[in-house]
Amino acid sequence: MELMEALRTRRAIRTYTDEQIDNDLIHELIDAAILAPSAMNLQPWSFVVVSGSARLRALSDEAKRYAISNLPKGSPLAGHLADKEFEIFHGAPALIIICATNDERQSDEDCCLAGQNLMLAAHARDLGTCWIGLSRPWLNEMTVKKELGIPLSLKPVAPIIVGRARALPTATSRNEPRIIWGH
């Protein structure tokens, strides 16, 4: 897939088929993620993979309870969380959590760059992805890290679900960019 086409056609996918994603394909996506640039070439990322739709549904329930109890008043996410049918992980068969391995100033951003690479690589392989930022505070809880086998020294930054899309959403319009030409 040509790069500009991938950028124009990639969408956040929130409905998935039951097809599981094999470990070789997940490894391929991670190989693409680590091609991202990083400050001082520190490559401050580690990857935690949680597989299985049933496992992710159970985790989605836990993450939803946590989000409901920690959501700021007036959050636009309150409506989603109030919906009994809403699943934070959207029924996806895999979750790849990109974690920062150190506290360097740029490490979170470096993990975000790796996440974008991963999502574009998945799109090129006809897989859908969605960055689940709502789960990040929950994933950083010590008990959740222990439950998922995330070393306590790692900081979950980019939780990305992956799977075969059940449906492709239509493109949303983009605002005209605000460009300021410096002196």
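A residue counts as buried here when its relative accessible area is under 20%. That cut-off is handy for strand 2 in this predicted model, where Ala94, Ile96, Ile98 and Ala100 point one way, Leu95, Ile97 and Cys99 point the other way, and all are buried.

What sits on either side of strand 2? Strand 1 (residues 45-51) pairs with strand 2 in the antiparallel sense, over seven bridges, and seven bridges also join strand 2 to strand 4 (residues 155-163), again antiparallel. Val50 stands opposite Leu95, while in strand 4 the bridge partner of Leu95 is Ile161. Further along strand 2, Cys99 is the bridge partner of Ser46.

Zooming out, four strands make up an open sheet in the order 1-2-4-3, with antiparallel pairing. Strand 1 and strand 3 stand at the edges with a single partner strand each, so one side of each has no neighbour in the sheet. Neighbouring strands are turned against each other by 25° on average, if direction is ignored.

Now for strand 3 (residues 128-131), which is where Thr129 is found. Is Thr129 buried or exposed? With a relative accessible area of 1%, Thr129 is buried, as the value falls under the 20% cut-off. Setting aside neighbours within four places in sequence, Thr129 is in contact with Arg10, Arg11, Ala12, Ile13 and Tyr16, with Met119 and Ala122, and with Ile160, Ile161 and Val162. Among these contacts is Ile161, already met as the strand 4 bridge partner of Leu95.

Helices come next. Helix 2 lies across strand 1, strand 2 and strand 4, and runs at about 160° to strand 1. Helix 3 (residues 53-70) lies across strand 1 and strand 2, running at about 105° to strand 1.

Helix 2 also meets another helix. The axes of helix 2 (residues 23-33) and helix 5 (residues 107-124) come within 7 Å and cross at roughly 135°. That angle makes helix 2 oblique to helix 5, and the crossing is right-handed. Which residues in helix 2 and helix 5 meet? From helix 2 there are Leu29, Ile30, Ala32 and Ala33, and from helix 5 there are Ala114, Asn117, Leu118, Ala121 and Ala122. The residues of this contact split into eight nonpolar, one polar and no charged. Ala122 of helix 5 turns up in this contact and also among the contacts of Thr129.

Finally, the loop between strand 2 and helix 5 holds Gln106. Unlike the buried residues of strand 2, Gln106 counts as partly exposed, at 35% relative accessibility. Gln106 and Ser38 are 68 residues apart in sequence, yet their C-alpha atoms are 7.9 Å apart in space.

Methods:
Residues numbered from 1 in each chain as written. Predicted model: local features only at pLDDT ≥ 70, side-chain atom pairs only at ≥ 80, totals over all residues. Heavy atoms only, no water. Axes fitted to C-alpha atoms, helices over the stretch in contact; angles between N-to-C directions. Helix = DSSP H or I, 4+ residues; strand = E, 2+ residues; numbered from the N terminus. Parallel < 35°, antiparallel > 145°, perpendicular 65-115°, else oblique. Left-handed = near helix turned anticlockwise from the far one by under 90°. Contact = heavy atoms within 4.5 Å. Nonpolar A, V, L, I, M, F, W, Y, C, P; charged D, E, K, R; others polar. Buried < 20%, exposed > 50% of the residue type's maximum accessible area, 1.4 Å probe, protein only. Pairing = 2+ DSSP bridges.
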